[in-house]
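Here is a short briefing on a few backbone features. Look through the sequence and the model first, then read the points below.

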Amino acid sequence: MTSPHTPRRLMALAGLLALAACDNDGGKNRQVRELNALQGPTRVAAVQFSEGTNMAAAPSPDGQRIAFTAQGALWVMPAAGGEARRITDWTIEPTAPVWAPDGSVIAFQNYSPEGNWHVWTVRPDGSDAKEVTTGIFDDREPAWTPDGRSLVFASDRGGDGQMKIWRYSIAEGRYTQLTQGPGAESNPAVSPDGSQLAFVDTNRIFVAPMAGGTPVQVAAGSMPAWPASGSQLIYQSTSRSLNAGGQDIVADEDLFPFPARLFGERLLYTADGHIRTRALAGGTATDIPFSATIHVKRPTWETRKDHKLDDFTPRQVKGISAPALSPDGRSVAFVALNDVWVMKIGEAPVRLTEDTDRDGNVQWTPDGAAVYFSTERGNAGALAVDRIEVASKARTRLAAIAAKSMVAPKMSPGGDRIAYTTLSGQLEVWDLGAGSSRVVTPSVAVQVSTPQWTANGTRILVVDNERINNRFREGYNKLRVIDAASGEASFHAVAEAPRQVSDREEGAAALSPDGSKLAVIIDSRLHVMPMNPDGTPAGEAVAITDEAADLPSWAGDSQTLLYKAADKLRLVKADGSGAQDVAVPLQWAPKAPPATTIVQAGALWDGVSDSLRPAVDIVISGARITAIRPRQTPEPGATVIDATQLTVMPGLWDPHVHPLTLYQGGQFGQIAALMLSYGITSTLSVAGPLHQSIEMREALAAGNLIGPRLFACPPLWEGNRLFYSFARTLRTPEVADLEIAKAKAMDVDFLKSYVRAPIPIMQKIAQAGIDLGVPTGTHMLQPGAATGLAGTTHLSATQRMGYGWSKSINGLTYQDAVAMHSQADFHNIDTLFSSLALVGQDPGFVNDARFAALVPPNFVAGLTSTPDPLPATLETIDRDARQSGKVQDAGALLALGTDSPLVAPGIALHTNLRAGARVYSNVRALRNVTINAARMAFADEDLGTVEVGKIADLTIVRGDPLADVRNAAKVEYVVKNGLAYSLAQILAPFQTPQARAAHRQALLAYDRACRRDPQACVEGAHAD
């Protein structure tokens, strides 16, 4: 496959061969654009650093200069070290630099504005930066041929799902595939005589003739480089050493994942934050000192969102999830405030359920007489399927499986079967007559869309993710058409790549009842595509809206569509005509606390002081604390909480959650209660399906769900390749504008740029954060800091560079690198520590009543089998905790989160707290789950400490948490927004005989499933 080139591009690329060997010193006067284009309150930070993490370095052919990448820029300095000069703009994201043989240009991989890795070149003076390879492909890890006429690189441009080695001939503008067959190949290197090619495939190093031939494995390891002799390769061995001449010559160094380069008679490589040289025979390493100064433009957020936590006035419902149009087109069913509603268009909604059990994904039966939906009711938290007759409100159970959620159910046209997916995206069908299920097809991705039946009931469509190559996990969202009987399936694109279905949750697709059309969200707009009877596309998808759209559903006429446009419901004809709003006259109000509550505290840790304050009364008027005073007789009529033998502390935070019922596979009610029972009063979502997240936020605030408050976030805002079902492709700045406008209308609390969002999209998200007054985050310190994003949601996480193996933490290991970002206000949101191993040190977790009542089966096995930590495990926990402490020592803001539902919510926060306390003070660890987290969420004016004027969020525990942070888990009462809950009240709904029996049955069923299929025990594990 080749990409077309204009004559002008061919001329420019051919001109690379004619570049002079010297740079004529012209770059000294060139002004590198370091600063982004943020508008509004900002400041410029200039920070000098002399260490880095995951730097890559390469010497010039004449040995006079070194090029290296650090802090999202390409730098050049004298070979002896010294002041480094930045030569790339903030809009360029360079890594893996390598000099042309004549020294005229430096090639590097850059993440292009369109959202793919390509090979670029730039002169050493910073001029003439240009894209060499093009297209919708990833071209990575460039290397030159010795004659300087071609570049070789790893690429997926073959379109066969493989990552292979390719060559680009510059003068001809021609791509040639050099390796064949299966393989996830990387890091090519060409021998000095140009006759051989070394490359890596899954930690094995191969050598093959450049002219073609069978590759031969020569070593186990990675990052190969050729010595001048062209004999034994230099590489990084599997023991994480540098191997030269067949001998490991490096020990106990944190090698960065880039090839060593020949530097005269020595090797040049990067490790432990430094650029180093070492003799080929080994011996002592020598660091090459450097100093570099980076400037970043950072937001200051002079105006921040007012969360109105003590406003109890009614307001319009925004969180309408899963709206479905009735077959006759006259009514709408939907989920709001944690319940199922139906509404005749033009009339008031009617509530069909009213309980704290989680409901979702409501659909109409084919005859329109009833609705069915997924529900946690009576199934130990796993999603079952219930039916309610609209006229009589009679409720019956259609299907349930112990310990397995039936996610996103869809009834067949004949009403005899229900297709659904499991937590891992496996497609199954329930036979209503037989009362049993069968697997149709195993999962491909972590989750797929709501299934859609063809009109004759023989095939099922889902939106699934087809992986693009075998080296990285991302792919395109496509239609997957599945034979309901045989399970045979095929993928079908809805548009020319990289256009695709926007996501697999709320921005997916719905097939019309007659099977002739598909309503599908592409680039965030609603499209209609003609379909064949077998469920395959029959023509081009045509856009019928200009606004962002979600959750399409059809009327029985296959001509009328209902969809969600931000916080509005709308009807439209399949040809785009007749658009009209559908009013939903439904209001809600936050649950109001008593007029006066007095907490009689035996001791108070207010979150500000380093010590306890004994014997005080905390007076709460409505939701706010109005006095903290010495003990006295309570006022008449006040609600009194006797905590005279207890310690009061601020409500805890989990600043990294993903509130997904569909992804989580149910159990949200249990998990929300579990978190509250462990003293967590606030959670910050860092991505989830938007409409469902807002619905959960409103339900929790209204008291229709019992759990912490939720600060809501849109989906993971991604580039043109996706992985998670709740990742949304913002492929272009125009699509980003649509999504940002929707987020504003939905009144979100956080914005997250994900792994493959390119710099122009990251800049849009950063600007939106300023405009909305909400925090923003990403996984990558750079280019995150350069674009103006507020922070990172991990200290170590998936990111697009393709290297994450270093013991270093994503740019944060070394003090100068840490200082750079902390001085630039690039905050760090959470770290996980792998701390669940600490459960084994405290049997109290498993023996606690909360464990028996609230921990879902899919978490029980992992927690009960957690052994006492081995010394190596504790060493890892302590290392990660020390890293988090180092970040704070450098002045950065850090909080401890969990990435729930990756791990057992509630419990995981406490093990993280304990991990932090192992290496730094208890009070610092506690602040990392209270006031620091509130600052992350821009909510510290209201939350995070116990002070007069703040919202009353309190965790009331037995014991002194400052003396022993384990006491923070010994919760007796929780106060959220002035509303008090005893531990007994939280547990009560889950301790009835029926609930206990269902829970036991679920545990047994889950255990049987695990024994039968170990993969069933790991469904849903993720780390974003």
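Buried means under 20% relative accessible area, exposed over 50%, and partly exposed in between, with a 1.4 Å probe and protein chains only. This is a predicted model, where local features need pLDDT of at least 70, side-chain atom pairs count only at pLDDT 80 or more, and totals for chains, interfaces and linings use all residues. Residues are numbered from 1 along each chain as its sequence is written, and side-chain values use heavy atoms, leaving out hydrogens and water. Helices (H or I, at least four residues) and strands (E, at least two) are DSSP runs, numbered from the N terminus.

**Positive phi**
- Most residues other than glycine have a negative phi, and most peptide bonds are trans.
- Methionine 223 has a positive phi near 55 degrees.
- Methionine 223 lies in strand E18 (residues 216–225) and is buried, at 10% relative accessible area.
- Serine 558 also takes a positive phi, about 60 degrees.
- Serine 558 sits in the loop between strand E48 (550–554) and strand E49 (560–565), and is buried at 1% relative accessibility.

**Cis peptide bonds**
- Alanine 497 and proline 498 are joined by a cis bond, with omega near 10 degrees.
- Proline 498 is in the loop between strands E43 (489–492) and E44 (509–511).
- The bond from glutamine 782 to proline 783 is cis too, with omega about 10 degrees.
- Proline 783 belongs to helix H7 (residues 781–787).

**Helix H5**
- The expected span of a helix is 1.5 Å times one less than its number of residues.
- H5 (residues 733–745) has 13 residues, so it should span 18 Å, and its end C-alpha atoms are 18 Å apart, which agrees.
- Buried residues in H5 include Val735, Leu738 and Lys742.
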